[in-house]
Every structure is written in C-alpha cells, then in structure tokens.
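This report covers selected features of one protein model. The sequence and structure are shown first, and the notes follow.

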Amino acid sequence: MWQTSQAYIRRSDGFFFISTAHDSLKNYYQTNFALMQHHKYSLTELENMMRWERDIYVTLLSNYIEKENEKNRNSQQANKRVRHG
Amino acid sequence: MALPNIVTPEYETTLPSTDQKIKFRPFLVKEEKLMLMAAEGKDQSEIYKAVLKVLSDCILTKENLDVTDLPLFDIEWLFLQLRSKSVGEVVELRMKHIGDGGCGAYTDVEVKLDEVKVEKFEGHNPVIMLDDTVGITLKYPNLADVSEISSVTAENIFKVLESSIKNVFDKDRVYTEFTKQEINEFIGNMDNTQFLKVTKFFETIPKLRHKLEYKCQKCGKQVKHTLEGLMDFFL
C-alpha cells in the first residue's frame with residue numbers, strides 16, 4: 001500500500017513537466033522580447049498564438065535573417081571586388 | 001460591442017476512464033506562461049492550479065465534465081494530448097543506460113506521443129468485497145485529493161484511501177454518507193487480507209505506458225525501457 005500510493009503520488013506532478021520541459025521562463029521572455037523589440041510584434045499577438053505557431057514565426061524569421069546576412073556579405077564582397085578591381 | 005473570438009483548431013480525444021469524447025484546443029503562448037511560472041516556482045499547489053486552469057480553458061466540452069474530478073491518468077492523458085497538439089508530437093529524451101551491464105552513457109531518443117497509450121489491467125475492479133457481505137466501492141484519486149498531500153507519510157496515504165472510498169455496502173444497504181472518524185475506524189478495522197485487496201485496486205489503476213527500445217550510443221547494446229506515468233519522461 002505504501003509503495004503503491006507513493007508511486008501514485010509521485011506520478012501526479014510528473015505529467016506536468018512534459019508540457020513545460022521544452023522551454024523555460026527565461027527563454028519565454030527572451031523570445032517574446034526579441035520578437036517585440038526587433039520585429040514589431042505586439043505582446044497580445046504573441047500571447048494569443050499557439051505555441052507551435054510562434055515557433056514557426058521564430059524559425060521563419062531566423063531563416064530570413066540568415067538570408068539577409070548572406071545577401072549583405074555577398075554585396076560587401078562584390079563592393080570590395082569593384083573597389084580593388 | 002463583443003470582442004472577436006480567437007480562432008484555434010479543435011481536436012477530439014477519448015477519456016480513458018469513461019470513453020467520453022472530449023473536444024479541446026491547443027494551449028496558447030499566454031497559457032504556456034502560466035505553466036512555466038508554476039514550474040519555475042516548484043510549488044506543487046501552484047502547479048496543480050496551473051494544470052486545472054489550462055485544462056479548463058482548453059477543454060471545449062463542458063457538459064458532464066468536471067476537470068477537478070477527473071482521475072490522474074485522465075489528466076495525464078489530456079495533458080499529453082494538449083502538449084502534442086500545442087508544441088509537437090515528438091518528445092526528445094536523453095536516456096541513461098543503467099541497469100545490468102549499463103555503461104551509464106546518455107542516448108538521445110525520440111518518443112512519438114501518439115504512440116503512448118493508457119494501459120488497463122485485467123481484473124481491475126473498483127468494487128471490492130471485504131468479506132461475504134461487506135464491500136466497498138472505490139473511486140480514482142483526483143488531482144485535488146493528491147494536491148492536499150505535501151509529503152508521503154502513513155497519515156497522508158490513509159487520507160488518499162479515505163477520499164477514494166465512494167461507498168460502503170453490506171447485504172442490506174449502501175452507505176454513501178459517513179464521517180471522517182467513521183471511515184477512519186472502518187479502514188483501521190480492515191485485516192491484512194482485506195487491505196491487500198484494496199492495495200490491488202491502487203496497483204492496477206490504469207497508467208500511461210510506453211515501451212522504448214533503442215541502441216546505446218556508446219556501447220551499442222540494444223536497451224529496452226518502459227516509460228510509465230510520464231514521470232519517467234523527465235528523469
């Protein structure tokens with residue numbers, strides 16, 4: 001009885017952590033802040049998104065930033081070549 | 001003027017305890033914040049409050065359903081469904097190779113949440129005959145029953161049992177109303193055999209179970225592991 005109930009009680013909050021293990025409060029605020037500060041989202045918009053929806057926007061933005069950086073690097077190199085050539 | 005509703009997709013699942021169809025929506029970023037705050041605080045009663053709040057908000061079926069009265073395995077199941085539809089259907093686990101011949105190395109394993117099932121046990125019966133004429137009907141402990149328990153002591157375990165007794169019956173009548181003292185005395189008067197029968201009920205409560213098989217990244221051995229009750233998903 002002791003062991004059974006103990007196991008049952010221990011189980012009770014375990015299920016909770018699967019829903020939160022993928023993120024932390026610190027990361028939650030950092031992500032929201034970055035999206036608001038740099039990409040003009042409002043807090044209401046962000047908070048009313050589904051969790052995976054926000055993940056998609058973060059991934060799309062990160063891809064976009066990477067492409068922009070790549071473009072900038074390429075144009076800087078092209079400019080250098082023009083100046084030296 | 002009424003504010004517009006935020007449109008979210010609806011999903012359906014079946015409650016393992018009653019086979020009732022339940023409609024639910026994924027949790028939103030603001031609801032996730034509630035859970036993260038509770039998780040950060042590590043206060044069990046805050047965690048339970050957050051769980052109940054998020055479940056009540058996300059479950060769209062309101063008829064014949066009181067979230068506070070659901071057994072824990074139903075809550076676990078619903079939470080798994082919510083997590084699956086809100087964040088993703090795959091959980092990444094780091095499994096430590098322990099046990100006989102375990103090398104102690106960690107292996108990354110993916111678990112598909114839609115493969116996790118509630119396992120029911122044969123012979124599980126909430127009606128328990130204590131002798132030829134007297135019996136009890138037990139109910140599954142719910143989140144509220146467990147949330148009152150701060151530590152695992154003999155006294156607290158009796159509390160769970162007390163709150164799990166739905167009725168006591170004999171050949172003449174069914175007793176549904178009794179005082180705390182009466183039920184305490186009743187439990188105290190059980191002999192070992194009767195107590196074991198009650199224990200069997202708790203041992204065979206349905207649980208979430210998933211069998212994992214993976215190859216250890218370090219020693220290459222095939223490892224079998226059973227995840228139970230979701231606690232294992234985090235340890």
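## Local features of chain B

B:Glu162 is buried but forms no salt bridge. In this predicted model, the nearest side chain of opposite charge is that of B:Lys180, which lies 4.6 Å away. A salt bridge needs a side-chain nitrogen of Lys or Arg within 4 Å of a carboxyl oxygen of Asp or Glu. B:Glu162 sits in helix 5 of chain B, which covers residues 154-164. Leaving aside residues up to four places away in sequence, B:Glu162 touches B:Lys180, B:Ile183, B:Asn184 and B:Ile187.

Next comes a sheet in chain B. Four strands form an open sheet with the order 6-7-8-9 and antiparallel pairing. Strand 6 and strand 9 of chain B are its edge strands, each pairing on one side only. Strand 7 and strand 8 of chain B are joined in the antiparallel sense by four bridges. Within this sheet, B:Ile136 has B:Val168 of strand 8 as its bridge partner. Helix 7 of chain B (residues 192-203) packs on the sheet and touches strand 6 and strand 7 of chain B. The direction of helix 7 makes about 160° with that of strand 6 of chain B.

| Strand (chain B) | Residues |
|---|---|
| Strand 6 | 127-129 |
| Strand 7 | 135-138 |
| Strand 8 | 165-169 |
| Strand 9 | 174-175 |

A further residue is B:Thr226, located in strand 11 (residues 222-228) of chain B. B:Thr226 counts as partly exposed because its relative accessibility is 31%. From B:Thr226 to B:Glu213 the C-alpha to C-alpha distance is 8.6 Å, with the two 13 residues apart in sequence.

Conventions: Residues are numbered from 1 along each chain as its sequence is written. Chains are lettered from A and ligands numbered from 1 in the order in which they are written. This is a predicted model: local features need pLDDT of at least 70, side-chain atom pairs count only at pLDDT 80 or more; totals for chains, interfaces and linings use all residues. Side-chain values use heavy atoms; hydrogens and water are left out. Helices (H or I, at least four residues) and strands (E, at least two) are DSSP runs, numbered from the N terminus. Buried means under 20% relative accessible area, exposed over 50%, partly exposed in between (1.4 Å probe, protein chains only). Lys and Arg count as positive and Asp and Glu as negative; His and the chain ends are not counted. Contact means heavy atoms within 4.5 Å. Two strands pair if DSSP finds at least two bridges between them. Axes are lines fitted to C-alpha atoms, for helices over the stretch in contact, and angles run from 0 to 180 degrees between N-to-C directions.
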